[in-house]
Amino acid sequence: NISKLCLPGYSESPLASRITLLPLYLSGIAEKKVNFISFTPWTSFDLGSSGGIREERALLYWMLRDPLELYSKGFMNLMQGGVTSWERWREYLESFRREKRGKINPELETKYAESVKSVTALVASLREAVLMFRNPGRRSTEERRVQYQVIGQLRGILARTCVGKLQPDLIILDEFHRFKHLLKGEGEVGELAHHLFNYCDQSMQQGGVKVLLLSATPYKMYTLAEESETEDHYQDFLGTVSFLFHDE
């Protein structure tokens, strides 16, 4: 529905499939009176401890390399992930530098580096992992575990930094019945989502950001016998109402 929601006078609207890619789309929005930015809730909030996609890892690499002085090949190898080949990864990093490095929002980049530096335990783990990956080659299960854990933490901090920079006035969650876990606010995924839903700054009136939930099927009227083990539509109804009224 992005084309339908496109603002008058705009040829296109920015689409960041993941909230962690917002640094590439936020440059220049301060000059516009109204901005419409879309992203996919499922991949944006559910960060887990995985390595993310190639574009995310390249973004992390260029945002952290200079501030943390991570110029060694170990950092490059660490951010490679487990799919891309050594040669293609380096080619991609170079093409990212030429085509996208200059698009990264400088204010957000600085804020992110400061946030990472403030987590001393993560910085220590990152530097240990860089040493572990100083040589290219096949990785053990333990090395992969460390790699994805560190990258997952870096992605999580970037996501929270992006939410703060976004400063939304209106959030439209389309087909929200697909993302009921975000409404519950449980765990790191839910906390990140609610940090966005509950955003407020001093310039806002009447309690902060507004959230509009859209769905043709927010819940069903009753649960069939064959659905009882996996679904509870009455609880879905209560969950929706408690979210709308901020009241359990």
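**Close-up views of a predicted model**

**Figure 1. Overall fold of the chain.** Read along the sequence, the elements of this predicted model run α-α-α-α-α-α-α-α-β-α-α-β-α. That makes 11 helices and two strands. The chain has 248 residues, and 41% of them count as buried. Among contacts between residues at least 6 apart in sequence, 72% join residues at least 24 apart.

**Figure 2. Confidence along the chain.** Mean pLDDT for the chain is 82. A value of 70 or more is reached by 83% of the residues. Helix 7 (residues 120-132) has the highest confidence, at a mean of 95. Helix 2 (residues 41-45) has the lowest, at a mean of 64. Where pLDDT is low, the predicted coordinates should not be read in detail.

**Figure 3. Helix 8 from end to end.** Helix 8 covers residues 141-166, 26 residues in total. At 1.5 Å a residue, helix 8 should span 38 Å. Gln167 follows helix 8 and has a positive phi, near 45 degrees.

**Figure 4. The largest nonpolar core.** This core holds 57 residues. Phe75, Tyr112, Leu126 and Leu154 touch the most other members. Helix 8 gives the most to the core, with 10 residues. An α-helix has 3.6 residues a turn, so residues three or four places apart point the same way.

**Figure 5. Contacts of Tyr112.** Which residues does Tyr112 touch, not counting residues up to four places away in sequence? They are Leu60, Met63, Leu64, Leu154, Ile157, Leu158 and Thr161.

**Figure 6. Gln80 in its loop.** Gln80 sits in the loop between helix 4 (73-78) and helix 5 (86-99). Is Gln80 buried or exposed? Its relative accessible area is 12%, under the 20% cut-off, so Gln80 counts as buried. Gln80 touches Arg57, Ser85, Trp86, Trp89 and Arg90, leaving aside residues up to four places away in sequence.

**Figure 7. The second largest pocket.** About 490 Å³ of space lies in this pocket. Its lining has 18 residues. Lys184, Gln235, Gly239, Thr240 and Ser242 lie nearest the centre. Helix 9 (180-184) and helix 11 (233-245) each supply at least two lining residues. Helix 11 provides the largest share of the lining, eight residues.

Technical notes. Residues numbered from 1 in each chain as written. Predicted model: local features only at pLDDT ≥ 70, side-chain atom pairs only at ≥ 80, totals over all residues. Heavy atoms only, no water. Helix = DSSP H or I, 4+ residues; strand = E, 2+ residues; numbered from the N terminus. Expected span 1.5 Å × (residues − 1). Core = buried A, V, L, I, M, F, W, Y, C linked by side-chain atoms within 4.5 Å. Buried < 20%, exposed > 50% of the residue type's maximum accessible area, 1.4 Å probe, protein only. Contact = heavy atoms within 4.5 Å. pLDDT = per-residue confidence, 0-100. 1 Å grid on protein atoms, 1.4 Å probe; cavity = no way out; pocket = protein on both sides within 12 Å on 5 of 7 lines; lining within 4 Å. Points joined across faces, edges and corners; volume = space filled by probe spheres on them.
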